[in-house]
Amino acid sequence: TEAIGLYNLGQSCCLNSLLQVFLMNIRFTRILRRITVPSSPVQRRSNVPYQMLLLLEKMQCGKCKAVGPTDLACCLSEHRVKLFVQHDAAQLFLTLWNLLKKQMKKPELVEELSDLYTICIQECVACQKCSFERKSNSTMLTLPLPVLDANSHRLKTLEDCLQYFFHPEELTGQNMCFCQQCGRKTAFLQSMKLVHLPQTLALHLKRFCFERSSHTHKLSHYLPFPQELDLREVLTESQCQADDSEKATWQYELFAVVAHSGSTSCGHYCAYIRSLTDCKWYCFNDSEVCQVSWDDVKCTYGHSSLYWGETAYLLFYMKKHPQ
């Protein structure tokens, strides 16, 4: 009864795919079921967590193969999420998460939601002429991974993308920074280190490439990603700012893939999700839901000659051994 589709309301495939990823995550629905129900009908209509909970309960009735997310879509439109337009899945995921976090009134639920999805990164800039350096911590909902390097060469695997993202960058020439200690602009080294990873790790493959002409095109080349991902084996010691107990939890299993087919101007999203109850893979394509194999999921690795083909855009990994 859990594999229920969502009817397309008109270009709502992106929203449908993300809703399935949220609602198939048992850890998320445990939080959702404990929200405070708004007191008035007006508040309930505009409350995203409550409308998402109603949709979940509607889906779990098990009386039909698909349900319509109309009430939730109308609720989102009150928060300036446009209907009947094409969305970018990474941007919409961030919008949904921010609305959920903002409207969950219980502080403990907000904290649990953050623990479930939030990545903590340490950013560091260091002067190459003296000992001056500045460090700051920041949080991210997804790791935006380039699929090309600085020379526009294709990165070959997901692990390559992760290593490249955390690789230090030299700021020279026009990119030099003012050093307070030297009293002038100098070359700096900019680096990021991983501090903390959440229960559900979201990776954004930056396949939509912006050119100088302001034209956007899609990078559809082959880029494999593993079913199991151990960040301790991917990143070096210098790319991590975490103790051994934190790094011991950095072993992940693939939970979901949000895939995009078509072009940047005319595309379609669907979601491949591994059920946490029966451990089987399902394809959620709006109202159509079917069981698939790992080979079917691997078809989203991409292919250079299939410009309109299906390629993974968002990857969701779940901790194998959560604390």
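1. Phe-166 is buried, at a relative accessible area of 1% (buried is under 20% relative accessible area, exposed over 50% and partly exposed in between, with a 1.4 Å probe and protein chains only). Phe-165 is buried too, at 12%.

2. A quick word on what we're looking at. The model is predicted, so local features need pLDDT of at least 70 and side-chain atom pairs count only at pLDDT 80 or more, while totals for chains, interfaces and linings use all residues. Numbering runs from 1 along each chain as its sequence is written, and side-chain values use heavy atoms, leaving out hydrogens and water.

3. Back to the rings: there are 13 aromatic pairs in the structure. Rings of Phe, Tyr and Trp (its six-membered ring) pair if their centres lie within 6.5 Å; planes under 30 degrees apart are stacked, over 60 edge-to-face, and the rest tilted.

4. Phe-225 is in the loop between strands S12 (216–218) and S13 (228–230), and Tyr-301 in the loop between helix H11 (294–298) and strand S18 (311–319), so the pair ties together parts 76 residues apart in sequence. Helices (H or I, at least four residues) and strands (E, at least two) are DSSP runs, numbered from the N terminus. Phe-225 is buried at 2% relative accessibility, and Tyr-301 is buried at 8%.

5. Now the cores, meaning sets of buried Ala, Val, Leu, Ile, Met, Phe, Trp, Tyr and Cys residues joined through side-chain atoms within 4.5 Å. The largest nonpolar core has 56 residues, and Phe-28, Phe-93, Tyr-117, Leu-314 and Phe-316 have the most contacts inside it. Another core, of 41 residues, lies apart from it and includes Leu-148, Leu-194, Leu-231 and Tyr-301.

6. Ring pairs also link Phe-22, Phe-28, Phe-93, Tyr-117 and Phe-316 into a cluster. As for Leu-314, its contacts (heavy atoms within 4.5 Å) include Leu-18, Phe-93, His-204 and Val-257, leaving aside residues up to four places away in sequence.

7. Helix H1 (residues 13–23) has 11 of its 11 residues buried, so it is largely enclosed by the rest of the structure. Among those buried residues are Leu-18 and Phe-22.
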